[in-house]
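Hello,

Please find the structure below. My notes on what turned up follow it.

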Amino acid sequence: MKIKVVRDILEANQRIASENREIFTRHGVFVINLMSSPGAGKTTLLERTIESLKDTIPIGVIEGDIRSSIDAERINKLGVPVVQINTDGACHLDGNMVRECLRELDLSPLRLLFVENVGNLVCPAEFKIGEDHKVMILSVTEGDDKPSKYPLMFRESSVLLINKIDLLPYIECDLERIRASARDINPGLEIFEISCKTGEGLDRWYRWIKNNLAS
Amino acid sequence: MHEMSIVMGLVDIIKEEMERHGAKRLCSVRVKIGKLTAVVPEALNFCFDIITKGTPMEGAKIIMEFPPLKAYCIDCNKEFEIEEYVFRCPSCGSEKILTDGGRDLSIEELEVD
């Protein structure tokens, strides 16, 4: 016997992500799902961003890692609320993991919430968590071929931050190739070149956040 | 390896549909996988075999369909297929295009006893 079905395989996650989105909207919290390979600079970007914006914008952070609380400890030093999720092996965050965190995180005082996803250039792009925007980091040391090799994350992101540009004199990386291939995949992608070490280019990133909070 | 999460979603839906229709055994399941999903067919089969062991789904075949990623250009009204992940009209170069289906990840049909 054949049974016609036609259902979204990820429907359970989509439902939870939509509910999360409603919760965030009700609290007036703007949510950024931050994704990249391991070591591209997600936590350092968050440290920089929090230091620069926390006096004017109430910020919270959810830290996703397979294990350890190293990142949450780094964020905690900056005096903003942070919750650590350990996925115990899972390579990405999903709607339910983020929902569980909301029990420990008071959204009422917050205006901006960063969710730092598990370091991975593939899987996190597939799962919604209730975010307003996906933002990804690609560091120049990873190579300029990455948009073509891992198109989904570049397609799903609203912003691409090209990090570690202070290292460009020492490596072979063609920024124009990154920009062109990323825009083939996603013509509307905002691209900012930054160095979290020197602070270069971060102003444009902060402006993007502020503009989105204002709208 | 997020295919395990995907297979868990798949198996939940199959179980629900089999119970609803009083099915005893799953022979095959047909799924549609959009070109913009990052799903590796081998990993999907591997995870499905592990998860369904000892259940009425054990041994069933996953029939995977990969529909082409179609697009329509708003500026010149051309219909085309997206290839090599270039989201731009091949005729006029416009970026104002509508795409259809790339993110599909759906279960279409079950064959059961």
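β1(A) and β6(B) run antiparallel and are joined by five bridges (strands pair if DSSP finds at least two bridges between them; helices, H or I of at least four residues, and strands, E of at least two, are DSSP runs numbered from the N terminus). Opposite K2(A) stands E111(B) in β6(B).

This is a predicted model, in which local features need pLDDT of at least 70 and side-chain atom pairs count only at pLDDT 80 or more, while totals for chains, interfaces and linings use all residues. Residues are numbered from 1 along each chain as its sequence is written, and chains are lettered from A and ligands numbered from 1 in the order in which they are written.

Across the interface, 25 residues of chain A are in contact with 27 of chain B (contact: C-beta atoms, placed from the backbone, within 7 Å). On the side of chain A that touches chain B, β1(A) gives the most, with seven residues.

Helix α1 of chain B (residues 3-20) has 18 residues, which at 1.5 Å a residue should span 26 Å; its end C-alpha atoms are 26 Å apart, so the two agree (expected span: 1.5 Å times one less than the number of residues). E3(B), S5(B), I6(B), V7(B), L10(B) and I14(B) in α1(B) are buried (20 or more other C-beta atoms within 10 Å of the residue's own, all placed from the backbone). Their cover includes β1 (26-33), α2 (41-52) and β6 (105-112) of chain B. Just after α1(B), G22(B) takes a positive phi of about 60 degrees.

Regards

Key: Buried ≥ 20, exposed ≤ 12 C-beta atoms within 10 Å, placed from the backbone. Contact = placed C-beta atoms within 7 Å.
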